[in-house]
Amino acid sequence: MITNTLKLTLLLVLAFVDSGVTASAEENQVSFSRDVRPLLSDRCFRCHGPDQVARQADLRLDREESAFSDRDGVPAIVAGKIGASLLVTRITSDDADEIMPPPDSGMTLSSEEIALISRWIEQGAKWEKHWAYIAPQTSRLPEVRDSEWEQNPIDRFVLARLEKAGLGPAPAADRRTLIRRVSHDLTGLPPTPAEIIEFVADESSQAYERVVDRLLDSTRFGEHMSLPWLEASRYADTSGYQEDYGRFMYPWRTWVINALNNNMPFDQFVIEQMAGDLLPDATHETILATAFNRNHRINQELGAIPEEYLVEYAIDRLETMGTVFLGTTIGCARCHDHKYDPFTQKEFYELYAFLNNNDDEGLDQTSRFGFCKPFIEHPTPEQQAELDVLQHSLDSLKGAKSNSDQESVAYQNWLDQWNKQPPLGVSPWFSLGPFEHEQATRVTGFDHAYIDEPMVDQSIKSGELAWRKQVKWGQDGQAIVLGGEFTTYYAFRELYSAKSEEITVGLGASDAIKVWINGELLLSRREEGSDTPKAEPMKVRLREGRNEVLLKLSNGGFFQSFIFAPRQRKTVPIDVFHAIRAPLEQRTVDQQEQLHAHFHALQIAKAQKAVDSLKGKFAKVMVMEERKEVRPAHVLMRGEYNQPQQQVERQVPSVLPPLPKDAPQNRLGLARWLVAAGNPLTARVTVNRIWQQYFGTGLVKTAGDFGAQGEWPSHPELLDWLALEFVRSGWDIKQLHRRIVTSATYRQSSQATEEAHQRDPRNRLLSRGPRFRLRPQEIRDQALFVSGLLVERVGGPSVKPYQPAGLWEDVSNLLLLQGWFNTNKFVQDHHDQLYRRSLYTFWKRAVPPPNMTVFDADSREVCSVRNQISNTPLQALNLLNDVTYVEAARHLAHRMLTESGATADDRLRFGMELVTSRLPTADELNILHRSLDQQWELYRQNPMQAAALLSHGESENPGDHDPVEQAAYTQIALLLLNLDETITKQ
């Protein structure tokens, strides 16, 4: 029975076919990959796609053999026969029980969409593999009518598409607009007036190309181009989760900047970041590159489960790799087969198996300072030079004999010092425990005597526990950490004094403590103590000779620690104490050797401490390092870490080419596979993302999804041509950027005719040049640059410029433990650190820099390859009131007053050119004049307001200007910094 809907569909199909009288056959031809698959994917694949568990009626519409198979005599699709195709029957049914998609799915197909599917079947239902999984195809440059417009092959593809749509390109942008555009795009900063004048005056045919080459050679290029890579790599200066404490990943950021500035081939760029540690000739730098795979969040919560987070970290690496290099939503296959793309859950975990063998522990429960193994120490050049000197001194001491003549003077001075103030003799610590509490409270252990307190008999055992010598408990003055929740420890040592005296001891304990000296109870405290490093002074009376110290430490939750160390008194081992106390003429040979050996050991310890102290300042960068014993990988039911199913081996998805024949079956092999000649995705995804940087939208709008739910390329032949040329060039990144910005397509004016706005509203046909808001970092950096405040220095640690007070504290929960975490409280930097490029601003994931997030910066908790752009009043408020912009305006006013002519016209023109790269029109100059006069009068009547305005920011007020005049020009500078064209690329 033919329904009314089917009759309407047939009429629409006939109408389409009849329209072929005036349209070409190519235009009437329906493409399955371009036109039909997206409809089936969006409306049908959820129940009739790759996911076996969700599949209904045993029908797959993503596979040709299933879609065309005979199912009880009724195939879903019969090529050339609409009426015989069950698919058409169901999507055109008037019966609510039969129609597809079913009404309760909330999805429908419009009559035009039904007609499109029907037309495809009528034309023979030619099946095509999804375009993204087919290797890029070489195609001839298309024919165009206006060949003179072309600057390079990019333009041929764009113009052919425009001409097909009945449109033409926009005129070329004027030179001032063009140099501003390309300067921002390649370096993130505007051109100077001198650079603008030079370009405008250069009438040679290669004037623009020379500008481009100069910008590509600037170190600013690598800094600017690293920004989208940092966002894709989820780079941040903190670890995320809970207290979100700091980490030391900035050397990797410098590595990225240098790699881009040095034009490292992109395939090498990928391989080193994915597997630089596995290269046969691995170096410190290639290992550093693998920090790319450790930029993910890391948990440090003591209650978290390491096995769970080992899974989470590996999955994060896989999802990042899938988005950044393959443009796939592979993460959707974590819990089940992908519902839209040809990736099974098993294939997901086969890829996961490449990335879950890092030699880490799942949690950071040890350092609490932003690094956990595996990591490398990364000194600055200055630190390395200092280390070389200190290490040479240490090695010399270790190689010398303890009684060397070189030590004689220092040795005698050391002995003389002891004669003036004798040291204390100390034994090592001995411990007994842990004793477990009967109840989960420190009080039960505190009240119960596990030994005959305060007597100490080191030969007596308590059950299976015995007194143990703790030679590794470190030097006096260092915190000693004890393990085990709800346990009690005893700690014992001997103190020898040359006389009966009272000394001060630094005492600190995180939990309940008792202290006995020579059997006398001096302290009994049930409650928790303050943080251990904040040891409180305690007076202790010692008798001459031997003294006994006994501590009882009872812990509640968490771990416990303590300090018990004499203050302002040196300590030595007991045998050295007795040797020092012996009169010189009575010292034995053994005692002399003991003293020499101890002094020499002190010299070595001092030198070692200097080395260790310096190394402690090195950045500890988390990197990749394979485990010797391969960690097995399993399919995880519902993606749960504790629900392992079938064990899997390392493999790549079947829809993509296999690993190269010579590639190892490890992460290095995976890295080489990503950039192998047959991989259809990596080059396409990369050139698309770079295209997006220039035009706001990629040739594929869904930059992170080239799958069935992604968008068909606006210019598929151009995308393939760019990808192939990128590979042919040796993966030359700078050449790719140069090719795009030297095209006539890029050089177009962003102004559009009414027709272009109507027919190409989002500029997907590229009928005009790009116009969209600058990145948040560019907006701030531009203000600093034109004001003269910007401090340009490549690389180095992140900095903390201005931000509102209290933001970090609002998300910090463990305020009692803030000594353990280094990002509980925001501590602003000063001087040059306030004016570094925004690339170097400290990025706390829980509270990203507010002057960045207000302009839609991502939090960087996960990989992000496409920025959202909004327009809110908060942005205008920020630009008008944030101390950064008010301070910049103050310095910009100084430049207007000192670097231009003496007239107001000269100053206003200069300020306008500095900020917008163009000169004001006569009408604009009049508006600026009126505004200047109004501000001048306002501050003339309110000089205190002028002084207040000029006090914003920490920098000194430049020049010796009349405050009223400078304040008036500061307001004009703020006006210029707030213009729409100032914060917009056009």
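**From one residue to the whole chain**

Analyst: In this predicted model, Met274 is in contact, leaving aside its neighbours within four places in sequence, with Phe292, Asn293, Met321, Phe325, Leu355, Arg667, Leu670, Ala671 and Leu674.

User: Which residues touch the most other members of the largest nonpolar core?

Analyst: A nonpolar core is a set of buried residues of nonpolar kinds, joined through side-chain atoms within 4.5 Å. Here the largest such core has 123 residues, and those that touch the most other members are Leu186, Met274 and Phe325. Helix 16, which spans residues 306-326, gives this core its largest share, namely ten residues. There is also a second, separate core of 46 residues, and among its members are Ile779, Tyr885, Leu950 and Leu977.

User: What are the secondary structure and the accessible surface of the chain?

Analyst: The chain holds 37 helices and 18 strands, and its C-alpha atoms fill a box of roughly 120 × 90 × 50 Å along the principal axes. The accessible surface comes to about 44,200 Å², with 51% of that area belonging to carbon and sulfur atoms.

User: How many positive and negative side chains does the chain have?

Analyst: There are 107 positive and 135 negative side chains, and the centres of these two sets lie 2 Å apart.

Conventions:
Residues are numbered from 1 along each chain as its sequence is written. This is a predicted model: local features need pLDDT of at least 70, side-chain atom pairs count only at pLDDT 80 or more; totals for chains, interfaces and linings use all residues. Side-chain values use heavy atoms; hydrogens and water are left out. Helices (H or I, at least four residues) and strands (E, at least two) are DSSP runs, numbered from the N terminus. Accessible areas come from the Shrake-Rupley method with a 1.4 Å probe; for residues, only the protein chains shown count as cover. Lys and Arg count as positive and Asp and Glu as negative; His and the chain ends are not counted. The place of a charge is taken as NZ of Lys, CZ of Arg, CG of Asp or CD of Glu. Buried means under 20% relative accessible area, exposed over 50%, partly exposed in between (1.4 Å probe, protein chains only). Contact means heavy atoms within 4.5 Å.
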